[in-house]
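Subject: Handover of a structure and its findings

Dear colleague,

Please find below the sequence and the structure that I am handing over to you.

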Amino acid sequence: MAGHSGGIPENIIEDIISGNDIVSVVGQYVRFTKTSGQNQFALCPFHSEDTPSFSVSVSKQIYYCFGCHKGGNVIQFIMEVEKLSFMEALRLLAERAKITLPEPEDDALKKLSVERDEIRDALLEAARYFYASLHSERGRIAVEYLEKRKITPQTAKKFGLGYAPDEWEGLYRWMRQKGVRDEILQKCGLFTKSKKGGLIDLFRGRLMFPIFDPMGKIVAFGGRILTDGTPKYINSPETEVYSKQRILYALNFAKTSKEKSLIIVEGYMDVISMHQAGVTNAVASLGTALTDRQLSLASRYAEEIVLFFDSDNAGRNAAIRSLKNLMTRLNRPSGMNAKLSVGRVLEGKDPDQYIREHGSEAFRKVVSDALPVLDYLVEAAQAQSVVDGRFDARTFQSLACEYLSWESNAVLRERAAGTVANILKVSVSSVMSEAKRAEDNESSRGSVEPLRAIKEQISAVPADETNRATHQEILLLCFLCENPEIFRDMPDKPIPTDFSAGTMREIAAGMIAELYKGVGGAAKLLERSEDKELNGRPARDVFSGILMKIKDVRDPKKLSRLVLDYLYRVREQVYTRRKKYLAVQIDGMAEGPDREASVDAFREVNNYLKFLREQIRELSN
Ligand SMILES: [Zn+2]
């Protein structure tokens with residue numbers, strides 16, 4: 001958030017930007033005389049000129065003057081032209097778009113928390129509506145489904161299950177009757193806009209699961225369809241009170257369980273049946289792949305975390321991907337000390353199904369037999385290496401060594417290497433060196449992230465705090481902000497340390513975080529640049545100048561190649577600097593383990609540079 005936004009929530013600022021089309025706002029001050037592609041041109045209101053060089057981009061919602069090089073988004077335009085403060089400009093534009101602005105400065109935060117309370121109250125009202133509907137005649141279909149799944153009325157009550165009738169405005173009318181404000185209705189995540197612009201119920205004809213935060217307050221809902229329709233499950237979108245990554249379903253119940261472990265499964269129904277069967281330490285990640293945030297949340301409540309994945313082939317592959325992600329991430333969840341293992345339900349069953357057939361005692365045994373992550377992976381590699389009913393040792397060797405390479409803890413890695421060595425009837429040291437090679441390959445391939453070690457070294461380079469940035473890194477960031485969908489699909493994503501230290505990195509880091517959320521846009525980038533200086537000029541002027549010159553590339557393939565090319569060029573500069581720095585450092589060092597480590601790092605940097613240059617060459621072909 002911009003430093004002077006006086007505690008106004010970012011989503012309100014976004015509403016104000018999107019509620020004020022820049023062309024019509026600027027059009028009140030200038031007369032557009034020329035159109036070129038997506039851009040409108042006029043005489044600049046900020047400097048005197050005879051030919052129009054002031055442009056406004058419809059698609060990017062920004063302005064930029066090719067004469068005096070001023071640029072910005074709609075808020076910044078109003079600030080500049082009306083000589084207003086940020087808050088004053090915001091107020092003017094909010095009024096124009098009929099958006100209610102929280103009270104300024106001191107009260108803003110208080111207001112936000114009041115709003116959050118209002119949203120929570122509204123969600124509770126909704127839960128009451130769903131609950132009442134379940135127990136009315138219309139809820140018959142949902143009750144039958146629960147009976148079929150052997151969920152008792154007591155369990156349904158404990159989890160607050162309900163039913164959303166198949167109506168467009170059932171909940172809407174109920175909420176209005178309860179006096180819930182329009183603004184809250186829009187923000188609570190339970191409604192969507194109809195074509196006519198009114199609000200309609202998001203959940204229709206679905207069994208409803210309230211999603212609780214760890215304190216037991218309802219923050220969202222999930223709904224399962226009861227007919228053949230799709231999608232089978234939908235969840236409320238993220239709101240001011242709900243962030244998917246920070247919620248584990250049923251943690252509010254599981255946290256009081258006496259068990260030392262916490263069991264993480266995928267869906268609502270699994271968890272509910274498990275609790276009903278007495279397995280009260282189960283939670284669900286809710287469809288999305290388990291995130292490191294969820295894992296660190298879980299580790300606050302348990303010494304051991306046991307993951308369950310679907311036991312078919314697809315489930316196993318998903319498990320492997322998920323574990324790779326958790327193990328190789330640079331930013332391991334801090335304070336993540338809990339032991340992580342994977343439970344296996346035999347006979348290809350869901351935990352829920354297994355408990356129904358064998359009882360909770362038998363399931364407790366399954367939990368205590370859960371395998372440490374690496375052991376699980378070795379076992380998975382074995383299963384994957386059976387080709388046409390025969391065990392293929394070569395496949396096993398390469399898979400197992402790859403999985404071992406994800407483990408950064410040398411002790412754990414060596415222990416699992418022992419198992420692999422046993423299976424292959426070779427020495428542990430040969431397995432260890434193959435795993436090391438897999439790790440080196442992975443990092444020089446740079447597929448997801450370069451070696452952790454290299455990154456640590458990179459961040460150790462003395463920061464250049466001169467607030468300068470190269471043309472290429474500015475272009476890279478502008479392209480990404482303009483095309484958030486490209487970012488999502490990039491095989492290799494930029495990280496903050498790819499950008500020059502100081503302002504550039506600060507803005508890039510903020511935008512990367514937004515891009516991970518799927519948010520982008522030129523106006524957003526300019527918002528983040530407010531008040532900052534880059535290359536001796538206001539950062540937003542620098543960015544808007546480049547943004548305005550970027551042409552729309554419509555071919556997504558071409559675009560993603562282009563962006564990747566910029567990324568590798570930017571990274572090449574970073575690593576070239578790093579290489580020089582290391583060379584100088586090594587020169588001045590006495591023989592010893594420190595020097596050896598630096599020489600190793602030098603080699604890694606050099607390899608990665610080679611890789612980058614190959615990629616650049618390939619991309620420019
Ligand atoms: Zn100008």
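This is a predicted model: local features need pLDDT of at least 70, side-chain atom pairs count only at pLDDT 80 or more; totals for chains, interfaces and linings use all residues.

Residues are numbered from 1 along each chain as its sequence is written, and side-chain values use heavy atoms, with hydrogens and water left out.

**The zinc site**

The zinc ion is coordinated at 2.1 to 2.3 Å by Cys 44 (SG), His 47 (ND1), Cys 65 (SG) and Cys 68 (SG). Donors here are N, O and S atoms within 2.8 Å of the metal (3.2 Å for Na, K and Ca); as water is not among the atoms, sites may look incomplete. The arrangement is tetrahedral because the four donor atoms subtend angles of 100 to 117° around the zinc ion; for four donors, that term requires all angles to lie between 85 and 135 degrees. The spacing of the donor residues in sequence is C-x2-H-x17-C-x2-C. His 47 is in the loop between strand E2 (39-42) and strand E3 (54-57), while Cys 65 belongs to strand E4 (residues 62-65), so this pair ties together parts that are 18 residues apart in sequence. Helices (H or I, at least four residues) and strands (E, at least two) are DSSP runs, numbered from the N terminus. His 47 is partly exposed, at 23% relative accessibility, whereas Cys 65 is buried, at 0%. Buried means under 20% relative accessible area, exposed over 50%, and partly exposed in between (1.4 Å probe, protein chains only).

**Aromatic rings**

Rings of Phe, Tyr and Trp (its six-membered ring) pair if their centres lie within 6.5 Å; planes under 30 degrees apart count as stacked, over 60 as edge-to-face and the rest as tilted. The count by this rule is 28 aromatic pairs. In one of them, Phe 54 and Tyr 63 have ring centres 5.7 Å apart and planes at 35°, so the pair is tilted. Phe 54 is buried, with a relative accessible area of 0%, and Tyr 63 is buried at 0% as well. The rings of Phe 54 and Phe 77 are also tilted, with centres 6.1 Å apart and planes at 45°. Since Phe 54 lies in strand E3 and Phe 77 in helix H3 (residues 74-82), their pair ties together parts that are 23 residues apart in sequence. Elsewhere, one aromatic cluster is formed by Phe 159, Phe 209, Phe 212, Tyr 233, Tyr 249, Phe 253 and Tyr 268.

**Helix H17**

Helix H17 (residues 410-424) has 15 residues and reaches 20 Å from its first C-alpha to its last, close to the 21 Å expected, the expected span being 1.5 Å times one less than the number of residues. Its buried residues are Arg 413, Ala 416, Ala 417, Val 420, Ala 421 and Leu 424. Seen down the axis of H17, these residues fall within an arc of 155°, so they line one face of the helix; the arc is that of the directions from the helix axis to the C-beta atoms. The exposed residues Val 411 and Asn 422 are on the face of H17 turned away from its buried side.

**Positive phi angles**

Just after H17, Lys 425 takes a positive phi of about 55°. Lys 98, although not a glycine, has a positive phi of about 55°; its place is in the loop between helix H4 (86-96) and helix H5 (106-134).

Yours sincerely

Note on methods: Four donors count as tetrahedral if all angles lie between 85 and 135 degrees; four count as square planar and six as octahedral if opposite donors are over 155 degrees apart and all others between 65 and 115; anything else is irregular.
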